[in-house]
Amino acid sequence: MTEVTEPPTKKPKMAEASLENFIENIKNSKKNLMAILSDEFTKPTQFTQVYVGGVNNVQDLSKIIMTLNEKLPLKELQHLKRARKHEVILCSVQYLNTQTQKTIQEYIKEDVYELKDAFKYFKVTSLPAVPPKLKKQQQEFSRVWSCNFHPNAYLEKLCGDQFFSINELIEHRCYMAIAFEVANYYLSKLKDNLLMSDVSESNVNATVVVDPTIKSVVAISYDNRENHPTQHSAMLAIDNVAKTQNGGAWNTADKSGIDNELQSHIKKKFANVKFGTRNYLTKEVLNEQKKNASESPYLCTGYYVYMIREPCVMCSMGLVHARANRVFFCFKNNLKGALSSKTKLHCVPSLNHHFEVFTEFL
Ligand SMILES: [Zn+2]
């Protein structure tokens, strides 16, 4: 009897989410956001080779450490404790190689004469090359050697998966949903029945700038790169913010940071969202009224920026110059993204301003 096998059944294709439903999900999801951090938080520990000596007599340890600190200071390895049990760090292998042709035995015997009989053995061992940033790194380090570490409560929280409270999360998700609603508004003029892929698989980008101190939308923009090579949505958003401060370079329709018709469209969908800025006061007025500079907004100082897609290098640098406080994005931009995909501009130490970046809306 031959066995009859059923032909494999095709999985029914999942109906793709409409853009409207997708926006609802962005808004209502309870999933917390994740910070994009510099590599020193996420990369595996880097090790460096050091000479370690096993001391003959543990009672001499503090004297040995004092002599070593004087004659062979640890310099770039300050994060490591000098001793662990009956062993002490002498110096890094690289240090000895750049100082002399001698072996460690010869060097101690001839150049640290006081300790010539202090050690029963010498060995090379690998120890963490940079200080730990987080408790979990410190725990990993402590398995190989003791190190100096002062935990930073903010960093610990930032690296965790519960950074934002429920209420904060609701706000961030709402503003991100507005960024998608901006795309929905413009795209629906070109096409009916928009799907999520009309945004996710295209170059569409929109930006919403928020002043968190008054929980208000300050500026909104939609990408115009097809007509103007530098009018990416973040650049337009920065220009729109400047317009709220008697500035702005581009003659776009959004004369006051937000196009009027778009604003009333968003108000219909997000009834509780506030629009507008704190009073902008020029430097002269601030001086005249003897007011502090913090009483008037300056570029994007303190502002949160919500974008559909990870910004490119130009836009990210624009946001650095504009002094944005936090940048949130939903989709990665694998080819050009400058905050995660291709580089992490916000983590470059030599820049004079740094903002935090959050993602994982999906
Ligand atoms: Zn860009």
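Let's start at Ala 219. Setting aside neighbours within four places in sequence, Ala 219 is in contact with Thr 207, Val 208, Val 209, Ala 237, Asn 240, Val 241, Gly 257 and Ile 258. One caution before I go on: this is a predicted model.

Where does Ala 219 lie? In strand E7. Buried or exposed? Ala 219 is buried, and its relative accessible area is 0%. Now take one of its contacts, Asn 240. Ala 219 and Asn 240 are 21 residues apart along the chain, yet their C-alpha atoms are separated by 5.8 Å.

Asn 240 takes us to helix H10, where it is one of the buried residues.

Next, the core. The largest nonpolar core holds 48 residues. Ile 178, Phe 180, Val 199, Val 217, Ile 220 and Phe 328 have the most contacts inside it. Several elements each supply at least two residues of this core, including H1, H7, H8, E6 and E7. Which element gives the largest share? That is H8, with twelve residues.

So let's look at H8 and a partner. Helix H1, residues 19–28, packs with helix H8, residues 166–187. Their angle is about 165 degrees, and their axes are 8 Å apart. The two helices are therefore roughly antiparallel to each other. H1 passes H8 in a right-handed crossing. On the H1 side, the contact includes Leu 19, Phe 22, Ile 23 and Ile 26. On the H8 side, it includes Arg 173, Met 176, Ala 177 and Phe 180. The residues of this contact divide into eight nonpolar, two polar and four charged. Phe 180 comes up again here: it is in this contact, and it is also among the residues with the most contacts inside the core.

Last stop, Gly 54. Gly 54 lies in strand E2, residues 47–55. Gly 54 is buried too, with a relative accessible area of 0%. Beyond its neighbours within four places in sequence, Gly 54 is in contact with His 86, Glu 87, Ala 118, Phe 119, Lys 120 and Tyr 121. And Asn 148? Gly 54 and Asn 148 are 94 residues apart in sequence, and 21 Å apart in space, C-alpha to C-alpha.

That's my tour. Thank you.

Definitions and conventions: Residues are numbered from 1 along each chain as its sequence is written. This is a predicted model: local features need pLDDT of at least 70, side-chain atom pairs count only at pLDDT 80 or more; totals for chains, interfaces and linings use all residues. Side-chain values use heavy atoms; hydrogens and water are left out. Axes are lines fitted to C-alpha atoms, for helices over the stretch in contact, and angles run from 0 to 180 degrees between N-to-C directions. Helices (H or I, at least four residues) and strands (E, at least two) are DSSP runs, numbered from the N terminus. Angles under 35 degrees count as roughly parallel, over 145 as roughly antiparallel, 65 to 115 as roughly perpendicular and the rest as oblique. A crossing is left-handed if the near helix is turned anticlockwise from the far one by less than a right angle, and right-handed if clockwise. Contact means heavy atoms within 4.5 Å. Ala, Val, Leu, Ile, Met, Phe, Trp, Tyr, Cys and Pro count as nonpolar, Asp, Glu, Lys and Arg as charged, and the others, Gly among them, as polar. A nonpolar core is a set of buried Ala, Val, Leu, Ile, Met, Phe, Trp, Tyr and Cys residues joined through side-chain atoms within 4.5 Å. Buried means under 20% relative accessible area, exposed over 50%, partly exposed in between (1.4 Å probe, protein chains only).
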